[in-house]
Amino acid sequence: MTDGSASDDPLADAEWPAETPQYRLQTPATDDDAPLDVLATVLDESPRSPATATVRVGTGRRDDRDHIRHALADLAAHSDVAVGHEETSGTVPLTDGTFDALADVSPEIRTLVVRDDDGLALVTRRDERFTFAVPDDVIGAVESSLPSSLRERLEVVS
């Protein structure tokens, strides 16, 4: 487990692809589906393939919800994931199974970094704030795939 210091922050070492515009989107805290919609849309529309996800989830073995316990067990099947009493963290290959597990714990995700095979960040998440990098010719597809309530929250970072 991590001690919560800045050096343990998976977002701190996220390296972005050079010369690719970055965007930011803050999802409404009251919409539990919005974070999953943003993540799925960015991963579907990105020309780069997701390879790994580094995640810190604000729940652990003390959580008594069955779907959460099953999702944490799926994540913990990977050697680089530690499940504590109240927090889970680690890195998993991003497969259909691990994406489903991340979807189940989505409301509890505190930080997330999805990287491609080269280790470059595709998308990051801190609580409800997402940052992602896609080429100029892809942002239109991302925008059109998002619900209008999220589309209007999209900002250009660089």
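Tutor: We can, bearing in mind that this is a predicted model. A search of the whole structure finds 1 cavity of 30 Å³ or more, and about 40 Å³ of space lies in the largest cavity.

Student: Which residues line the largest cavity?

Tutor: The lining is made by Pro35, Leu36, Leu39, Leu102, Ala103, Ser106, Ile109, Leu112, Arg125 and Phe130. Helix 1, helix 3 and strand 5 are the elements that give two or more residues to this lining, and helix 1 gives the most, with 3 residues.

Student: How should I think about the nonpolar residues, and how many of them does the largest nonpolar core have?

Tutor: The general idea is that in soluble globular proteins, nonpolar side chains tend to be buried together. Here the largest nonpolar core has 36 residues, and those with the most contacts inside it are Val114 and Phe132. The largest share of this core, 5 residues, comes from helix 1, which spans residues 34-45. Apart from this core lies another one, of 6 residues, among them Leu11, Ala14, Trp16 and Ala133.

Student: What does valine 114 touch, leaving out residues up to four places away in sequence?

Tutor: With those residues not counted, valine 114 touches Leu39, Leu43, Pro50, Thr52, Ala53, Leu94, Leu120, Ala121, Leu122 and Val123.

Student: Now to the helices: which residues of helix 3 are buried, and what do they pack against?

Tutor: In helix 3, which runs over residues 96-105, the residues Thr98, Phe99, Ala101, Leu102 and Val105 are buried. They lie on the same side of helix 3, because they cover an arc of only 160 degrees around the axis. The buried residues of helix 3 pack against helix 1, strand 2 (50-57), helix 2 (66-76), strand 4 (88-93) and strand 5 (109-116).

Student: Which residues of helix 4 are buried, and which are exposed on the other side?

Tutor: Helix 4 covers residues 136-145, and its buried residues are Val138, Ile139 and Val142. Their arc around the axis is only 110 degrees, which means that they sit on the same side of helix 4. On the other side of helix 4, Asp137 and Ser144 are exposed. What covers the buried residues of helix 4 includes strand 1, helix 1 and strand 7.

Student: I would also like to read some threonines, so where does threonine 124 lie, and is it buried or exposed?

Tutor: Threonine 124 lies in strand 6, which runs over residues 121-126. With a relative accessible area of 6%, threonine 124 is buried, because buried means under 20%. Not counting residues up to four places away in sequence, threonine 124 touches Leu11, Ala14, Trp16, Leu112, Val113, Arg129, Phe130 and Thr131.

Threonine 20, in the segment before strand 1, also counts as buried, at 18% relative accessibility. Leaving aside its neighbours within four places in sequence, threonine 20 is in contact with Ala133, Val134 and Pro135.

Student: With which side chain does the side chain of threonine 91 make a polar contact?

Tutor: The partner is the side chain of threonine 54, at 2.8 Å. Threonine 91 has its place in strand 4 and counts as partly exposed, at 25% relative accessibility. Beyond four places in sequence, threonine 91 touches Thr52, Ala53, Thr54, Asp80 and Val81.

Student: Finally, how do I read backbone angles, and what is the phi of glutamate 19?

Tutor: The general idea is that most residues other than glycine have a negative phi. The phi of glutamate 19 is near 55 degrees, a positive value in a residue other than glycine. Glutamate 19 is placed in the segment before strand 1 (22-26), and at 84% relative accessibility it counts as exposed.

Aspartate 127 also has a positive phi, of about 55 degrees, although it is not a glycine. Aspartate 127 is found in the loop between strand 6 and strand 7 (129-133), and it is partly exposed, with a relative accessible area of 33%.

Technical notes. Residues are numbered from 1 along each chain as its sequence is written. This is a predicted model: local features need pLDDT of at least 70, side-chain atom pairs count only at pLDDT 80 or more; totals for chains, interfaces and linings use all residues. Side-chain values use heavy atoms; hydrogens and water are left out. Helices (H or I, at least four residues) and strands (E, at least two) are DSSP runs, numbered from the N terminus. Buried means under 20% relative accessible area, exposed over 50%, partly exposed in between (1.4 Å probe, protein chains only). Contact means heavy atoms within 4.5 Å. A nonpolar core is a set of buried Ala, Val, Leu, Ile, Met, Phe, Trp, Tyr and Cys residues joined through side-chain atoms within 4.5 Å. The arc is that of the directions from the helix axis to the C-beta atoms. A polar contact is a pair of N or O atoms within 3.5 Å; within protein, one must be able to donate a hydrogen and the other to accept it, and residues adjacent in sequence count only if both atoms are side-chain atoms. On a 1 Å grid over the protein atoms alone, a cavity is a set of points where a 1.4 Å probe fits but cannot get out, and a pocket is an open set with protein on both sides within 12 Å along at least five of seven lines; lining residues have an atom within 4 Å of a point. Grid points are joined across faces, edges and corners, and a volume is the space filled by probe spheres set on the points.
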